[in-house]
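Welcome! Take a look at the structure below, and then let us walk through one part of it together.

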Amino acid sequence: MKIVVCIRQGLDGDINPFDACAYEAALQIAGSEITLLSMGPEKTKDFLHQLTRRGAKNAVLLSDAAFAGADTLATAYALGLAIKKIKPDMVFCGRQTLVGDTAQTGPMLSVMCDYSLITGVMEIKQIDKNITCMTRTEGEITAALPTLITVERINNLRLPSIRSKTGEIEVWSADDIGADKSKCGLIGSPTRVLKTYENSQGKRKCKFITLSELDEVVTTALAEQSKKLDIKSSGEHKLKKVVIIGENVREFADTISDDICLLTNDDEQKIIDYIVNNKPNAVLWGSDARSKRMAATVAARLGLGLCADCTVLETDGEKLIMYRPALSGSIIAKIESLTKPAMATVRTKDSLNKDVFVAVGYGAKDSLEWVKDLAKKYDAELSSTRKAVDNGIMPYATQVGLTGRSVAPPVYIAVGVSGAVHHIVGMQSSGTVIAINSDKNADIFDYADYGIIEDIGFRI
């Protein structure tokens, strides 16, 4: 079984964590012959050399000045040409990087290669002429080979053995893969980052209360059904025609247009035909797994720019300006599309069964039973931070944040949560946020409506 694993080196010099999981998943397949594929400067060879010691046969590095500045579509174009040259049975990608955080490259790449696609893989159950996977949000899915899958954070990449050897590294230029340089790098990228800002979204004015007042605050918040989604009108200028894929993005569309057409996300070809025939100014999608996947594949088929996870939209009546978190949520990027229609996925909340979420942070590791009892008291859904998951305190399915899911319940109670920005981006649209922490200087209080300084472990 010939497998290509797409790898990106993070800003810290290490492998992107989702890509590490994809690599390990490939290594676990008996008889697999793995080629690592990456794009970057020539110095990336040293990074790939070390990674081949984990078990890959060889690696290919796409390195050319023509590739510099590529957005997701231009990246997928170059990687796709390399994959056509390698001709693997399967391609494994991490769900997303922590640099762009878009989760677009994998689905776009499947279109470039004409491979079937499964996203959000939690477990590979069987491989023969097909591959069957359990996914994070869509259950069990089977697809015919050749297939591209995107992998969630489901494992830990093995360390190299003492006797392991490095594999051969080939460096391919744009000419080596027969690339049209007008479709590569910054020139071939249909989206542009206009400006970046420090991310201050989600910050609130915290009122400190006692633990005995918690019941009253929760009861009042539920009664008000507070929804503090930061969706603002862009002003008097509106786009002439906007298509929304799903009713849950209408609030965003209302801020930029008075002429809105609703389509469902159950027929990709129908959406493509509508876009081609009606030429809307913008197309907006939700942030659920199916919508994000289809937005990326439609963008790839039509050669359109796509901006992911937007939290604010603006327009001057001609262009759509999109704002989204990037770099693990630490900055906000202001982006425009050079192609029409402009396309964006917007930050919509999960389908929630509960009005209250109780989040378990690493600081609650010794108080887990108390936190679970608190969740039962309010009939709440348990969620968690990445650090709580990484340390085995809570399962990955509960993780909220950049590498988890986004939620927006009426009440969010964060217990022992430090307030790292990659968690905040997943819960900042919640209604009333209540933070319980023994550290009065914890960052989480900057993003909470109410704060309780309490050592829960001591009380237990």
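## A pair of strands

In this predicted model, Cys-310 stands opposite Val-346 in E19. Strand E19 spans residues 342-346 and pairs with E15 in the parallel sense over 3 bridges; strands pair when DSSP finds at least two bridges between them. Strands (E, at least two residues) and helices (H or I, at least four) are DSSP runs, numbered from the N terminus.

Residues are numbered from 1 along each chain as its sequence is written. Local features need pLDDT of at least 70, side-chain atom pairs count only at pLDDT 80 or more, totals for chains, interfaces and linings use all residues, and side-chain values use heavy atoms, leaving out hydrogens and water.

## The sheet around them

E19 and E15 belong to an open sheet of 5 strands, ordered E13-E12-E14-E19-E15 with parallel pairing. E13 (260-263) and E15 (306-310) each have a single partner strand, so one side of each has no neighbour in the sheet. From one strand to the next, the twist averages 20°.

How do H7 and H8 pack, and at what angle? H7 (residues 268-278) and H8 (residues 289-302) pack at about 50°, their axes 11 Å apart; axes are lines fitted to C-alpha atoms, for helices over the stretch in contact, and angles run from 0 to 180 degrees between N-to-C directions.
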